[in-house]
Each structure stands twice: as C-alpha cells, then as structure tokens.
Amino acid sequence: KGKCPEDGWDESTIELFLHELAIMDSNNFLGNCGVGEREGRVASGLVARRHYRLIHGIGRSGDISAVQPKAAGSSLLNKLTNSVVLDIIKLAGVRTVTNCFVVPMATGMSLTLCFLTLRHKRPKAKYIIWPRIDQKSCFKSMITAGFEPVVIENVLEGDELRTDIEAVEAKIKALGAENILCVHSTTSCFAPRVPDRLEELAVICANYDIPHIVNNAYGVQSSKCMHLIQQGARVGRIDAFVQSLDKNFMVPVGGAIIAGFNESFIQEISKMYPGKASASPSLDVLITLLSLGASGYKQLLKERKEMFSYLSSELKKLADIHNERLLDTPHNPISLAMSLKNLDENNDAAVTQLGSMLFTRQVSGARVVPCGSVQTVNNYTFKGFMSHANDYPCAYLNAASAIGIKKQDVDVFLKRLDKCLKTSRKEAKKEKSVNEISNSNTGTEQLGD
C-alpha cells in the first residue's frame, strides 16, 4: 500500500525485505556480465554489506525519481521510501500534501535546488524575501543559487521575535513582484525567534503571485509547525517545504525531504537534480520507519512534546534560583531560552565562557548567545548575530526538546547548568572585586602624586 506499517517490523524481517530488493539489481544477478562504466561493482565486502548490496543508487541522470532498469530493487526502494515518508508527513499534520521525495543533500542544498527550479519560472527575478533567522545554511542556500537575499528584520513582541508582515509587503511593493523569486520563510527556529507567520505570508504570496518556499528543517516533529504549513497552504500559497532527515527521523546527516501541494512542481524539482543520487539517505529513513512503524513514530512525537513541557518547567525553576528568567516564547514549540542578564552585566566574557564550560562538561546543543556580536556571512554583515535581531535586550541560553530526548538528558543538563552558573557567578564576583581594588589603588596613587 506504500504506507508506513502501523506496527514496526523486527530487524530480521527488514533485512529479509532489503535482501529481496537487492537481488532485483543487476549487479547481484548470478550470471551478470557488465560492460558499462557503472555496473555496481564494489571492492570491499564491508562496504557492500553496509549498503545491503544496493549499490546502484537512485534515479537516472535526468531525474532523481526515475526508475533505473538495471536497478529494479533500488528503484523500488526509492519509490517505497518516498511513499512511506509522504504517509508520515500526513500523519504529522500536513494532511493535504500531495507529493514528496527524499534528496541526498542536507536542508541548505535542498533549498538551493528549490530556488534553482523557480529560476526557470521567473527569469526576471533576482531577489528572495527572507525574514531574518540567524542560521548560516539557509542564508547561504540563497547566495549559492545566485540570488540576492532581502533581509526583513523581525519585530519584538514581548520576548518573542516575530515576522514583520508590513515590512514584507512594503518590500514586495518597492522591488516589484516580478523581480522577486520567492518568499523564503522558516518554521523551526531557536527561541526567542518563533516560527514565521506562515498564514499571513502565504496570503501575501497568493495575492502578489509570488512563490513561497518554507524552511521546515526540524518542524516535522512539531504538530504546531506542521499545522502552520497546513493552514498556510489552505488560506494562501506554499509551493514547497523542506525538512531534514537527521533532525526529524534520527538518521545520519545527509538527506532531506522536499514536499509540496502541487505534484507537478515537486516533480520539476526532482528533475532539476543533476545525475543519479546516493540511496543511503533513503535506505536509512526507510529502515528507521519500518522498525518504528507509524505507532512508534507517533509515540516519539508524544514523548518529545511531554519532554518540552518538563524542560520548560524545570528550566524556569532553575532560572528563578539564579535570578534569571525563562523567556516567554509561547509560539516556539521546540526551543526555549533563559536570560543571562546578571552574568552579562558582571562580566562581558562570562556569557561566552559559560558556553565553553557547558561544552567541556559534555553538554551539547545548548547555545549561549551574547549581546551585540557581529558576523559577516557572504559579504552580508549581521549585527547581533545568533540572536535574530540587531539589538536583542539580553544575552541568553538556548535549549531544545527535540525528538528522541529523554528525561535523563534534561535532568543531567539542568544539574550541569546549575553548577556552571554557580561557578560563573563566583568568578564574575571575584573579578569584579579585583577590579574595584585595582581602581581604588589607582585612585590613591593619583592622590599621593
């Protein structure tokens, strides 16, 4: 039926299934005689076993979704993977999605592929409207495709950074709709930035006949992010949304899913991919979804949501103890932020030092964001880089509740963060008192002179 099984398969069943697919590929035929330049020959047995002897990759040189006659098994694997992934995207909340395909590139390059496909539809266009998110790969995806990003600064509402809808529309009018390739919006992001106002952006795109590409990097795991995409497509225009395989399905880095509501446009993107492609990302996600089953994946989504609530309540308690606060970002369903105002006021370097302390104590993924850092990316200078705004009111620390997180991860993180904050405060106070003594002595010497 091309759907994810409700209950997961055991490993021996999955392996049997993959071996059945592999013997359909010509390189595994007993009497095969190969005289071409690409015959699926593999020198190492270890490499062959790692790929279950599915060596031919997916697609043909002109279309990543096309069937390869001498690789019927690999082609079937590709078709089944795309079908199962489509089923999971619907299950996760985007029920009217019509087509998707797994591409063996991470999210940034997959976005570039979408932009390059749109180039042929809008030959005059040279700008991409981009509500600011301080993440390099989505910014570089536009530059690599040869377009000029038009950065729309976010507006501060309470603690949250939100899409400036009026600025987006004003910029479209100023530049001219025909000169704009698309609006490039974002769902999943680091707090205090929250998902873009997708419904409003989708309506603007429909009104001005401008394509709309959504960076949904780790949004599949969030029912709120998926609901935004579903609603955006219902009330306005969303041409494609792109999500990462590793972040949403716990597989190795190297693949993404390009999905959309217009089947022919998604096919156009797949035909834009030059050459054949590695089957590894497709193989990884198919094995994972067959082992989890739809019920297993739903359970992971449920646990992630529960852990988000737990992380939020416990991080708030810890913030209160240290005279800080959990920033109020109710529109962000994955990421949280805790202020580091007191640490920042005592010592400029203390904030970045906290990040180093956490990393050396094996806390990965927590981001410490100081005030006022400046960074240049592809000749574009961003003030307050990493905070998604030129002048965010305070330094802060990020933590996320992503799929697969366990209660133990949260508990250990909070324990180590507590210790690091105590150490940082002691060191900051010590440095402050040393500076005061030093200043006092300098003043005495000047009086003596």
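UniProt positions are given here in the numbering used for this chain, and such annotations may be inferred rather than shown by experiment. With that understood, the unreviewed UniProt entry lists R234, R361 and K426 under "binding site". These positions span 193 residues in sequence, and the farthest two C-alpha atoms are 54.0 Å apart, so the listed residues do not all gather at one spot. The structure under discussion is a predicted model.

The overall architecture provides the setting for these positions. The protein chain contains 14 helices and 14 strands. Along the principal axes, its C-alpha atoms fill a box of roughly 100 × 55 × 40 Å. Of the 449 residues in the protein chain, 52% are buried. When contacts between residues at least 6 apart in sequence are considered, 74% of them join residues at least 24 apart.

R361 is situated in the loop between α13 (350-360) and β11 (367-369). Its relative accessibility is 37%, and R361 therefore counts as partly exposed, since that class lies between the limits of 20% for buried and 50% for exposed. Apart from residues up to four places away in sequence, R361 touches R416 and C420. K426, by contrast, belongs to helix α14. With a relative accessible area of 63%, K426 is exposed, because the exposed class begins over 50%.

A further annotation concerns a lysine. The unreviewed UniProt entry places the feature "modified residue: N6-(pyridoxal phosphate)lysine" at K247. This residue, K247, lies in helix α9. The relative accessible area of K247 is 36%, so K247 is partly exposed. Setting aside neighbours within four places in sequence, K247 is in contact with T107, A217, Y218, Q221 and I403.

Attention may now turn to the open spaces in the model. Rolling a probe the size of a water molecule over the atoms shows where empty space is left. The largest pocket has a volume of about 940 Å³. Its lining comprises 39 residues, and F190, S364, G365, A400 and A402 are the ones that lie nearest the pocket centre. At least two residues of this lining come from each of α4 (107-121), α5 (136-144), α9 (245-249), β14 (396-400) and α14 (407-448). The most is given by α14, which supplies five residues.

The lining of the second largest pocket divides into three nonpolar, five polar and three charged residues.

Key
Residues numbered from 1 in each chain as written. Predicted model: local features only at pLDDT ≥ 70, side-chain atom pairs only at ≥ 80, totals over all residues. Heavy atoms only, no water. 1 Å grid on protein atoms, 1.4 Å probe; cavity = no way out; pocket = protein on both sides within 12 Å on 5 of 7 lines; lining within 4 Å. Points joined across faces, edges and corners; volume = space filled by probe spheres on them. Helix = DSSP H or I, 4+ residues; strand = E, 2+ residues; numbered from the N terminus. Nonpolar A, V, L, I, M, F, W, Y, C, P; charged D, E, K, R; others polar. Buried < 20%, exposed > 50% of the residue type's maximum accessible area, 1.4 Å probe, protein only. Contact = heavy atoms within 4.5 Å.
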